[in-house]
Amino acid sequence: FDLANVQIDEGASLTGLYRPRKLLCFGDSITQGVYSNHPSLSYACRLADLLDADLTNKGIGGDMVFPELLCEREANTPDLITVAYGTNDWGCRARDEFLQKYTLFMQKLTEMYPEIPVYAITPVWRVDWNKKGTKMGIPAYEVENLIREACRGLSSVRVISGWKMIPAYTDFYYDGVHPNDLGFGVYAENLYRTVKEEFDKN
């Protein structure tokens, strides 16, 4: 949001917080931070803090991969981008449709930001990972194979296995699907270790 007006006491001053980097995150409710006790406890916010980066969070609850979301570049070019889709698609889309949508999204994203490293995070563990009757008809962890196929040949994209980001225990989840604050913290720490090398190059 944009601030329209700020009032401070006479004689007081404000100093802006400067962060040298910019992080752009795409994803669903997990990226948005649903069920964290405070927005600052989501994995995206914690990752930005660890990277000393300003965050633009485009996580949207209930979202599936949506190429039309990429209509224009951000005003402030990010230094790193994460993309975390697939868990909602797993239950609602057939494999071919998901592969087509995800491939188009990543192609558009890398054309829009050709010089920026992109991390494609595959779905994290969920308690119903082997549920029968989903449109994809595969265990949730196999969505990773489709994402790797979609990203093949995109030199600026690195695929990260979300299955390794959070332990497969309900203690780390609010409802078996969305991480709780503990799960978000572990997610951010593991993701940070993975992407830190890229940021250190800049």
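These legends describe close-up views of a predicted model. Local features need pLDDT of at least 70, side-chain atom pairs count only at pLDDT 80 or more, and totals for chains, interfaces and linings use all residues. Residues are numbered from 1 along each chain as its sequence is written, and side-chain values use heavy atoms, with hydrogens and water left out.

**View 1. The largest nonpolar core holds 30 residues.** A nonpolar core is a set of buried Ala, Val, Leu, Ile, Met, Phe, Trp, Tyr and Cys residues joined through side-chain atoms within 4.5 Å. Buried means under 20% relative accessible area, exposed over 50%, and partly exposed in between (1.4 Å probe, protein chains only). F26, I81, V83, Y102, F105, M106 and L109 touch the most other members. Elements giving two or more residues include β1 (21-27), β3 (80-84) and α5 (143-151). Helix α4 gives the largest share, seven residues. Helices (H or I, at least four residues) and strands (E, at least two) are DSSP runs, numbered from the N terminus.

**View 2. I81 and its contacts.** Contact means heavy atoms within 4.5 Å. Neighbours within four places in sequence are left aside. I81 then contacts L24, F26, L109, Y113, I116, P117, V118 and Y119. A second, separate core has 26 residues, among them C25, I30, F184 and Y187.

**View 3. Y35 has a positive phi.** The angle is about 75 degrees, although Y35 is not a glycine. Y35 is in the loop between α1 (29-32) and α2 (43-51). Its relative accessible area is 37%, so Y35 is partly exposed.

**View 4. D52 has a positive phi.** The value is near 55 degrees, in a residue other than glycine. D52 lies in the loop between α2 and β2 (53-59). D52 counts as partly exposed because its relative accessibility is 35%.
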